[in-house]
Amino acid sequence: GAQVRAWDVRDVSDQVQSMGAAWIKVDFEEDGAGAGGYAKESSAAFMEAQRATFHKHCKECDIIITTAAIPGRPSPKLIEDYMVKDMKAGSVIVDLAAAGGGNCTMTRPGEKYVTENGVTIIGYTDGPGRMASQASQMYAQNMFNLVKHISPKEGASVLLSNIDQHLASGEEGDIVTRSIVCCKDGKPLEMPPPPQPTPPKPKKEAAPKVAAAPPDPFRESLMKAATMSGASLGVLGMGMGAVGDAAMMANLGTFTLAGAAGYQVVWGVAHALHTPLMSVTNAISGTTAIGGLMLLGTGNGAVTALAGTAVGVSAVNIVGGFVVSQRMLDLFKKPGEVDYSYLTLAPGAMLVAAPFVNPALIEATGVVSSLLCIGSIGALANMKTAQSGAWMGISGVAGGLAATVAGMPASALPLAGALMAAGGAGGMVLGKQVSPIALPQTVAAFHSLVGLAAMITSMASHMLHPNAGTMHMTAAILGDYIGGVTLTGSLVAFGKLNGNLASTPMNLPGKNFLNAGMLAAQMGIGASFLATGGMTELVATAALSSIMGV
C-alpha cells in the first residue's frame with residue numbers, strides 16, 4: 001500500500017513505472033550515465049535543479065533511501081541540512097552510501113541518530129554484515145527446496161536408488177538431480193548440458209476483429225426499467241405482508257433506505273481501509289442489542305433469557321468491535337501525529353441525552369443515529385476522515401441504544417444496564433488485549449456474536465408474538481437463518497485466519513448437491529413456518545443454517 005517514488009540521474013523511468021512506482025523528474029536535461037553501472041558527476045546547474053526537486057519531495061515523503069555512489073570519490077551530497085529540517089517528525093533517512101561519506105549532509109557514518117526535529121538518519125557502513133541472518137535463512141530455504149525436489153515421496157530409504165535411476169535415464173532423467181552428482185562408483189561424472197530454452201510458440205494470425213454492434217438504447221433502458229420495477233415490486237410485496245403493522249412498515253422503510261444508502265457509500269471506501277471498514281460495520285451490526293432490549297421486561301422467562309443473552313453478546317461485539325477498529329486505524333497514524341477526531345463524539349452525547357430529556361425525541365434520535373452510522377462508513381472513504389468515521393459510528397450506535405432504552409419499562413432498566421455494562425467491559429478487555437497481528441480474526445470472532453444475537457432474538461420475538469403478520473414472521477425466519485449462517489461461518493473464518501483450521505476449502509463429495517439439498521430443505525421449513533407459525537421450524541432452521549455456515 002506504500003506510495004513509492006524513485007529517481008536516478010539515468011533515465012530508468014520505464015523500469016520504475018513498470019514496478020508500480022512513480023518517477024521523480026528533475027526539470028533539467030542531462031545524461032548522468034557513467035561506466036560500470038555507476039553514475040557520473042553532475043553539472044552545477046543540474047545539481048541546483050536537482051536540489052530544488054529533492055527539497056519538495058523531502059517535505060512529502062516519510063522514508064528516503066539513498067544509494068548514490070561514485071567509485072574513488074566521496075558520495076555526492078543529495079540531501080542538504082535544510083531539506084532534513086523541513087521533513088516531518090518521525091521520517092527516516094536510510095543512507096546506504098554512508099561508507100563514502102553519505103548522500104545526506106547530516107549523515108554520521110556508522111551511526112543511527114535522531115535529529116532535533118525528529119528525523120531518524122541511519123548511516124550504518126556495515127550493511128552487508130548486518131544481513132548475515134537473513135542471507136542464511138534465504139540460503140537455507142534454497143537448500144530445503146533442493147532437497148525437497150530430489151527427495152522421493154517414499155522417503156530417504158529410496159533416495160540413492162532414485163538418484164541412480166535418474167542418472168541411468170540420461171536425457172530423460174531429472175536435470176536437477178543429474179546436475180548435483182559429481183562422481184559415481186569412483187568415477188567423475190560430466191555435467192549434463194543445460195536444458196534448451198522452451199521455443200516460443202508460433203504466433204497465430206489474429207482473426208479479424210468483428211466490429212461490435214452498437215448498444216441498443218431501447219434494450220438498455222428496458223433492462224434498467226425491468227430491474228427497478230422488480231425491486232419496487234419486491235418492496236411492495238413486503239409492504240403487503242406488513243399491512244396493519246405500523247411499526248413493521250416503519251422498519252421496512254428504514255431497511256430499504258439504509259440498504260440503498262449503505263450500498264452507495266461502501267463503494268467509495270479506499271482499498272487500504274477495507275479491513276477497518278469490515279471492523280466498523282461489524283461493530284455497527286451489534287445493534288442487534290436493540291432487538292434484545294425491546295424484548296426485555298415482558299414477564300416471559302424464556303423470552304427474557306434469550307433477549308438478555310442477545311443484549312450481552314451484542315454489547316461485547318459493539319465495544320470490542322470499536323476498540324479493534326480504533327486500533328486498526330491507529331496503525332496508520334504517524335509518530336507524533338495529533339488526532340482530535342474524538343471530538344466527533346459531541347453529537348453522540350447529544351443523542352444519548354435527547355430521548356431522556358424529552359421522550360418525544362425518541363424517533364428523531366433514531367433517525368439521526370441511523371444517518372451517523374451510514375455516515376461513519378462514508379467517512380472511511382479516505383484516510384483523512386477515517387478516524388472521525390469510527391467515532392461517528394460510536395455516536396450513531398450510542399444514540400440508537402439510548403433511544404431504545406428511553407422507551408423501555410422502568411422495571412427492565414436494571415437488567416438491561418447490567419447486561420450492557422458486563423458485555424461492554426468484556427468486549428473492551430478482549431479488544432485491547434489481542435495483538436495487532438490478530439486484529440482481523442478478532443473481528444471475525446466478534447461477528448459470530450452478532451449471528452448468535454440475531455438468531456436468538458428472532459426466536460424470542462416469535463415466542464412473544466406467535467400470531468404476528470406475514471412480514472413479521474418472514475423477518476423472524478430470515479433473521480434465524482442468517483444468524484445461524486453468520487454464527488458458524490464467522491467461527492470458521494476465525495479458525496482459518498488464526499491458524500486453528502486449514503485454509504483449504506472443505507471439499508465434501510457431492511458438496512454442490514448437499515448445498516442444494518439443504519437450501520431446498522430450508523425453503524420447505526420456511527414455508528411450513530409461514531403456514532403454521534411453530535417454534536419447531538425456528539429450531540430446525542437454527543440447526544440447519546448453522547451446518548450450512550460451516
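Partly exposed means a relative accessible area between the buried limit of under 20% and the exposed limit of over 50%. Keep that in mind for this tour of a predicted model.

**Stop 1**

Select Glu 111. At 39% relative accessibility, Glu 111 counts as partly exposed. Side chains of opposite charge can pair when their charged atoms come close.

**Stop 2: Lys 88 and Asp 62**

How many salt bridges are there by this rule? The count is ten. For another of them, select Lys 88 and Asp 62, whose side chains meet with N to O at 3.1 Å. Lys 88 sits in the loop between helix H3 (81-85) and strand E4 (92-95). Asp 62 sits in the loop between helix H2 (44-60) and strand E3 (63-66). The pair therefore ties together parts that are 26 residues apart in sequence. Lys 88 is partly exposed at 29%, and Asp 62 is partly exposed at 32%.

**Stop 3: Lys 184 and Asp 185**

Move on to Asp 185. Which residue does Asp 185 form a salt bridge with? The partner is Lys 184, with the closest N and O atoms 3.2 Å apart. Asp 185 is exposed, at 68% relative accessible area, whereas Lys 184 is partly exposed, at 30%.

**Stop 4: a network**

Select Arg 5, Lys 56 and Glu 60 together. Salt bridges link these three residues in a network.

**Stop 5: the cysteines**

Show the cysteine sulfurs. A disulfide is a covalent bond between the sulfur atoms of two cysteines. This structure holds zero disulfides. The cut-off is 2.5 Å. Next, select Cys 104. Its closest cysteine sulfur is in Cys 58, at 8.3 Å, again too far for a bond.

**Stop 6: H16 and H17**

Finish with two helices. Select helix H16 (residues 439-464) and helix H17 (residues 470-497). Their axes come within 7 Å and cross at roughly 155°. That angle makes H16 roughly antiparallel to H17. The crossing of H16 and H17 is left-handed. Color their contact by residue class: it has 15 nonpolar, 13 polar and one charged residues.

Conventions:
Residues numbered from 1 in each chain as written. Predicted model: local features only at pLDDT ≥ 70, side-chain atom pairs only at ≥ 80, totals over all residues. Heavy atoms only, no water. Axes fitted to C-alpha atoms, helices over the stretch in contact; angles between N-to-C directions. Helix = DSSP H or I, 4+ residues; strand = E, 2+ residues; numbered from the N terminus. Parallel < 35°, antiparallel > 145°, perpendicular 65-115°, else oblique. Left-handed = near helix turned anticlockwise from the far one by under 90°. Nonpolar A, V, L, I, M, F, W, Y, C, P; charged D, E, K, R; others polar. Salt bridge = Lys/Arg side-chain N within 4 Å of Asp/Glu carboxyl O. Buried < 20%, exposed > 50% of the residue type's maximum accessible area, 1.4 Å probe, protein only.
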